[in-house]
Amino acid sequence: MDPELFTPRPPTHESRITIGYAGGLLAEKGLDTLLQACAGLIGDWRLEIVGEGDQRAALEAMVRELQISERVTFRNHITSHEMPAFYQGLDLFVLTSRTLPNWKEQFGRVLIEAMACEVVVLGSDSGEIPNVIGEAGMIFPEGDVAQLRSQLQHLLDYPNERQRLAKLGRQRVLAHYSMAQIARQTVDIYREILMMRDP
């Protein structure tokens, strides 16, 4: 991930909180949890969902049933070049992945991209998500609508907490996930191997 491309947006005075998701619209991504959690939020918010998949029709139907159609936008897949601008339009990014017998979240690249843009991330405890986020965001149990709603509401209500986590997120990316940092870590590993092989 290149932190020169994925950068924070300039400060704005927008009062509405924009929540986002990007990825597959698939059962294992748990987007029903996100929709149900958002439906109970109090305040001025909107949700942008970017991606494609076989769950789209069901998710759009759920949006109508929850009566949040005016707050939720679905967008088709966007290119990698468009992703920085997408993140920069968000305040919060949520990854609601759900572990299945044959699948669990392996990494969640979208998390570090969002964090690099100083977008606060929330993720389920599926697979590697907690390890990627660390202390720079919020973790909730898979499928736990009430807990996710509580975390989202907290972030809506407390802008200082959003700002704190946003800064921590970018710092974490720069420390662990930038291309330069990964290159340094790779070189260090090779050096250790070479040292072990020296007589």
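Predicted model: local features only at pLDDT ≥ 70, side-chain atom pairs only at ≥ 80, totals over all residues.
**Entry 1, helix α4.** I stepped back into the helix and asked how many of the residues of α4 are buried. The count is 7 of 8, so I noted α4 as mostly covered, taking under 20% relative accessible area as buried. The buried ones are V110, L111, I112, E113, A114, M115 and A116. I was pleased to see E113 listed there by name.

Next I looked up what does the covering. The elements over the buried residues of α4 include β1, α3 (83–88), β4, β5 (120–124), α5 (129–133) and α7.

The axes of α4 (residues 109–116) and α7 (residues 159–176) come within 7 Å, and they cross at roughly 115°. I recorded the crossing as left-handed. Which residues of α4 and α7 meet? From α4 I found I112, M115 and A116, and from α7 A166, G169, R170, R172 and V173. Sorted by class, this contact has 5 nonpolar, 1 polar and 2 charged residues.

I then turned to another helix pair. Helix α1 (residues 31–39) packs on helix α2 (residues 56–65) at an angle of about 15°, with the axes 10 Å apart. Angles under 35 degrees count as roughly parallel, and α1 and α2 are therefore roughly parallel to each other. Their crossing is right-handed. On the α1 side I listed L31, D32, L35 and Q36, which meet L59, M62 and V63 of α2. The residues of this contact divide into 5 nonpolar, 1 polar and 1 charged.

Last, I went through the rings and found 5 aromatic pairs in the structure. Y21 and F93 make a stacked pair, with 6.5 Å centre to centre and 15° between the planes. Where in the chain do Y21 and F93 sit? Y21 belongs to strand β1 (residues 17–22) and F93 to strand β4 (residues 92–95), so the pair links parts of the chain 72 residues apart. Both Y21 and F93 are buried.

Y87 is buried, as is F93. Stepping back, I noted that ring pairs link F6, Y21, F86, Y87 and F93 into a cluster.

Notes
Residues numbered from 1 in each chain as written. Heavy atoms only, no water. Phe/Tyr/Trp six-rings, centres within 6.5 Å; stacked < 30°, edge-to-face > 60°. Helix = DSSP H or I, 4+ residues; strand = E, 2+ residues; numbered from the N terminus. Buried < 20%, exposed > 50% of the residue type's maximum accessible area, 1.4 Å probe, protein only. Axes fitted to C-alpha atoms, helices over the stretch in contact; angles between N-to-C directions. Left-handed = near helix turned anticlockwise from the far one by under 90°. Contact = heavy atoms within 4.5 Å. Nonpolar A, V, L, I, M, F, W, Y, C, P; charged D, E, K, R; others polar. Parallel < 35°, antiparallel > 145°, perpendicular 65-115°, else oblique.
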